[in-house]
Structures are given as structure tokens and as C-alpha cells.
Number of protein chains: 2
Amino acid sequence: MTNQNLTPLFSLGEFGLIERLTGNHTPVRPSTLKGVGDDAAMLDYGSNMVLVSTDLLIEGVHFDLTYYPLKHLGYKAVAVNLSDICAMNGTPEQITVSIALSSKFSLEAVEEIYKGIYHACQNYQVDLVGGDTTSSQIGLIISVTVLGSAQKNEVVYRNGAKENDLICVTGDLGAAYAGLLILEREKAVFKADPQMQPELEGMDYLLQRQLKPEPRYDMVKLLKEKEILPTAMIDVSDGVASDIRHIANQSNLGCVIYEDKLPIFQTTYDQLGLLKIDPTTAALNGGEDYELLFTINQNDYDKIKDHNDIHVIGYMTDPSEGYHLISKSGTKAELKAQGWDALKK
Amino acid sequence: MTNQNLTPLFSLGEFGLIERLTGNHTPVRPSTLKGVGDDAAMLDYGSNMVLVSTDLLIEGVHFDLTYYPLKHLGYKAVAVNLSDICAMNGTPEQITVSIALSSKFSLEAVEEIYKGIYHACQNYQVDLVGGDTTSSQIGLIISVTVLGSAQKNEVVYRNGAKENDLICVTGDLGAAYAGLLILEREKAVFKADPQMQPELEGMDYLLQRQLKPEPRYDMVKLLKEKEILPTAMIDVSDGVASDIRHIANQSNLGCVIYEDKLPIFQTTYDQLGLLKIDPTTAALNGGEDYELLFTINQNDYDKIKDHNDIHVIGYMTDPSEGYHLISKSGTKAELKAQGWDALKK
């Protein structure tokens, strides 16, 4: 295959490529209610909707086994998929796991991965119902598909936000990215001098956010309890800046985010400071927080305003206003998406 | 990771590994009617059952791009998954496709793969509803998950065969394997002398069987029309010898296969003869035929006996009789499974 006159894949970016590859495909099945373009597809198989989402994780691209414990990797591979079902306001029910391994892996190593997979299954009451196991020429590949259920009228898409809706995010931001930077730093130190012991004390939370993220199914249940149906929802995988732009773009709106409303833990601030990384940039663009980012009607504000783990960080605007960040000093700047792009890594 | 005292993955084989990794997992969801262990999982999401199956294809392990046209590869990646739904007697409805690519691939190359994917979608009226697109450090990886539907009482498992049931297979056997051998031969010739043109005349059928297999959804519909509900069913991916043993083992029965009943086309015979490969071995162990192998009650024999594309090749026995092949000369020998094992390649 020569590259003469051909388009390099990198020139499109991940979203551009997906659009190019799937943009012209029109579903034909009556059971396909929603295909490509949200956190999960929605299928009508009877009284309950079926939600489906899938992820492909490649060693050296998505994870680095020099510092990634195999058990955590198995857990995370499941968790990030469950997060996609949560982002549709659904209940994760089943997963399939396909795994390809090179000969460097022993059975014991693979069983460690599966311990993590089953741990996540148990924590979220999800069944492993199938998969494929094969060899790879190099490294480890994990593909997870998740199925979830939801009542048709409670599924939340990315495209339902309305002007003046409040933008909310659960939990805190930037910690997973800080954890990643710390792991990368310690790896570099270890490479330079294998006698050095890693300095990870007091960083448990940041490391856990990177290595063992939790899908916010608790929030899906909480929203239901509080009788809040978000108008739009997505999980924070690429970073709030990129992810809110998906909601704004698909809802044909603009948005304003307030820097001083971004929920960032003190330990995240402190460690990012030592790493000379701007905490706001990490919170907006670090990604892999796997929190829920959603919009609600202002009438629902009273129901969430006293909840510690839900933060209003901005609001949706007329599309002509674009995407903006109001800084702590009150300056208005464009909200740029520098989200992690798997194809550019 | 050192391998001291650790178990090499290769020592278990693919099925042993799957059993080891999933054998202790008990589903907890009421909607999980059948998990690991058949061609697809069966999930109860309301009035219709949801069938799910998944496959992971790795360049250099499952396909060789030196002779595999990208469009055919996309088609086959979908077709083999649809075949799993057919093997449950279901209707394929949706697929997700995840794809990882190294930088050697251009956009045009990826679009070729998707042309094949959409061609299969169109032929079988299936929707692509999601996926993941990412980079790989080396080569091409395709992961396909398929969802299908079925009425609960029409799903056919591997474990329902009864003693004296007839063993049937659709289509013909061994051609896909013959096609593979021809492609490997021409690759070797080309490597030795790049000026040589491949000798592929008259081999269209064999090559097509290898490069562009078709799931037998037509047979699923035919069986329904004829009001035949197979007692057990599987698709022929590893080879009839291996696949009938799955049915026999899971139904706790033995089986007898007659060599002279194996449906092998003349062109398959001829080419395998030139390649010095025993046609019976190719038919039993070549694999990748993607035909349907199923058992029926003898009372249903009259309904299929005149159909050109359904062949009775043996019958199920008491488990104490084991697995046997009756040769053309009448000799009885053990039916050995030498099916393609992805982990041993």
C-alpha cells in the first residue's frame, strides 16, 4: 500500500474519522432507535430499551503496563464502558470481553486482568456474558461491549439541552490526569535509576482516579430518586471542555463555563502545582474523570443545589454565543477543546 | 513479569482458557438467560430475546493483508458475527465495530474496510450502531459485536441434541480451507519471484469461500418456513469435527459421522488433491465454512430430505459411544478435533 495521493488518517482526528466512516449510514431496522453518535446506541427490543456501547483498549496506546496493575486494568476496561451506559441514564446489565494476548503473558497474568473485570462486575451487578480470546503478535488488547437497559422515556441523549439549562458535573475534575502525570514521572525516574523507589505517598486518591475509575451509576440512581431527568448527558472521558462541546454542538447551542465553579480537590491543585500544570487546564482537558456532565432545566436547581457531589459549572446559551470560559478574574475567553485524541497519540 | 513458576497460556488452549477464566462466573441479572458457552448470549429485555456475540480479529493472527482485500476483510468481520446469531436461530439486527489502525493505513484504506462492512450490513439488513476508532502500534485490529433477536421459544442452543437425532450440515465443506491454502501457496510463489502472476483461474468459488463467507441466514428462514426447530445448532467455524463435539459434549451425547455423507464440491476435491491434502480432513478440520451444523428429530427428516443444500451426515448416540467417523470403506475411527485454535497459531 503506497501513501501517494492518499489521506493520512491523522489528518481527520478521531471524531472526523468516525463522521467520515459512519455519517452516511442510515439504519434500516425498526429496532434501531439511535445508532452512532451518542454514548451508547439505543435499541427497541420490546418493553425495555437496549443500550449498547463498546471500547477498544490497546497496550501502548491506552495503557502502559510498566505502571498499570493488571487487575486495575481489567477493572477500568469495564468501568469506562459502564460509564457510557450511565451517561445515557441507563442501568448497565451485561458485558462481553474480548482479549488478545501475546506470548509474554502467563495464565496468572490473564487471571489478574479477569479478577479486575469480575470485581467491577460485582460492584455494579453486571454479568459477563461472552467474549473472544485470541493471541496477538504484540502486547495486550481488550475490547469490551456493554449492554444496558432503560425505559424509553428516561433515556438521556447528548442533543436535548435547551437554552439557559444549567450545566452540572458530578464529583471532581483533573485528578485522573494528575494521577497519570505522577505515574509518568515516576516511570521516568525509575528508567533513569532503577534503584529509586517511587514517591507515591499521599497520592492514593489521584492514582486511584487514574487507575481505577468508578462509573457514576450512583448518580443515575440519585437523579431518579430526585425526579430529575437531565435534558442532555455525557460522561467526562475526553475532558469537560471537549465533552460540553459535544452537548452544545449536538443540541445546537452555545455554552458558558465558569472557571471558579470547576470542582478541583486541594490535593489535585497541590500536585498539579508541583508538576507546573495549570489546574484549570487539567480540569477542562485532562480527561478520564468518568464523571457525569449533564444539563438540567433551571426549575430543577433546588433539587440539586445542596448536594455535595453535584456542581453547577455554567449554562447553555444561544448558539451564536459560541463556547466560552469565564475566568476567575472575569475575563471571557473561548472554551477550547484540547481533549485527548486517541488518533493523535 | 517473569515466567518462573507461571503457566504458559499456550498450555490450556483457547477453550481451556475460556473455561478457566469464565467457569466460575455466575450471572446475577434476571435478564441474563444464557451467558458464556454458546454461539451467543441470550438476554431477556422484554418481549423479544436479545442475542449477543463478539469477535476480535488481529492482523497477522486471523488475516494476512498481503492477500486479503480490505473490503473483503470488512465483509468477513461482519459475516462471521452474523453467523453466530444464525447459529442461535436468531435474526441479526445490529453491529458495533471497533477498529484500531497503525499509521501505515490511509483514510482510503479504512474506507475500503468500511465499504465491506456496509456491504454486509446491506446484504443482511443489519445496522451499524456504534464502535470505537483508535490507533494501534502495529497492524490492524477489528472487534465486532452483533446483536440479534429471537422469540424465546425459538432460540436453539448447543446443548439440546437428543440421542438418535440426525446431524445435518448446510452447504459444502472444506472449500474455505482450500481457498486459504491456495492463497498461501500464491503468496509463497510471489515472495520467491515477484514477477510471477498468481494462478487463480477457476478458483473463484474456493477463494470466495475463504475471503467472503456468507452467514446462512437464508437457512434460518428456511427452517422456520419448514417448521423445523433444530434441537441443537452451531456454526462451522473451527471445522465440523470440532463443532459437532461441542454439540455432543454440551448435550452429553456421542456422535457418528459418515465420511461419504460429507458435502464436498468437486472443485474442492480437485484442488485439495493438487495440494496433497486429504479432502475428508479438510472438510472435518479445515474450518471457516460458516455453514450451520444442527441436529433434528428423525420425525423432521421428510421435511429436509429433498433439499439440495441440507445434508444429513450422521446421528447422535449414547454418550458411552464417544465420537466416531465411519470411513467410506466402513472402518470406524475416533472423530478427532484438530480445529483451528487461535491460541496455537
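Two residues are said to be in contact if their C-beta atoms, placed from the backbone, lie within 7 Å. This is a predicted model, in which local features need pLDDT of at least 70 and side-chain atom pairs count only at pLDDT 80 or more, while totals for chains, interfaces and linings use all residues. Residues are numbered from 1 along each chain as its sequence is written, and chains are lettered from A and ligands numbered from 1 in the order in which they are written.

**View 1. The surface between chain A and chain B.** Here 74 residues of chain A are in contact with 74 residues of chain B. Several elements of chain A give two or more residues to this side, among them helix 1 (13-22), strand 2 (41-44) and helix 3 (107-124), with helices (H or I, at least four residues) and strands (E, at least two) being DSSP runs numbered from the N terminus. The largest share, nine residues, comes from strand 5 of chain A. By class, the side of chain A that touches chain B has 35 nonpolar, 29 polar and ten charged residues, where Ala, Val, Leu, Ile, Met, Phe, Trp, Tyr, Cys and Pro count as nonpolar, Asp, Glu, Lys and Arg as charged, and the others, Gly among them, as polar.

**View 2. The axis that relates the two copies.** The same surface serves both copies, since 100% of the contact residues of chain A recur in chain B.

**View 3. The two domains of chain A.** The domain assignment, which is an automatic or database one, gives domain 1 (9-154) and domain 2 (166-334) in chain A. The centres of domain 1 of chain A and domain 2 of chain A, taken over C-alpha atoms, are separated by 22 Å. Their contact takes 19 residues from domain 1 of chain A and 19 residues from domain 2 of chain A. On the side of domain 1 of chain A that touches domain 2 of chain A, the largest share, nine residues, comes from helix 2 (residues 70-86) of chain A.
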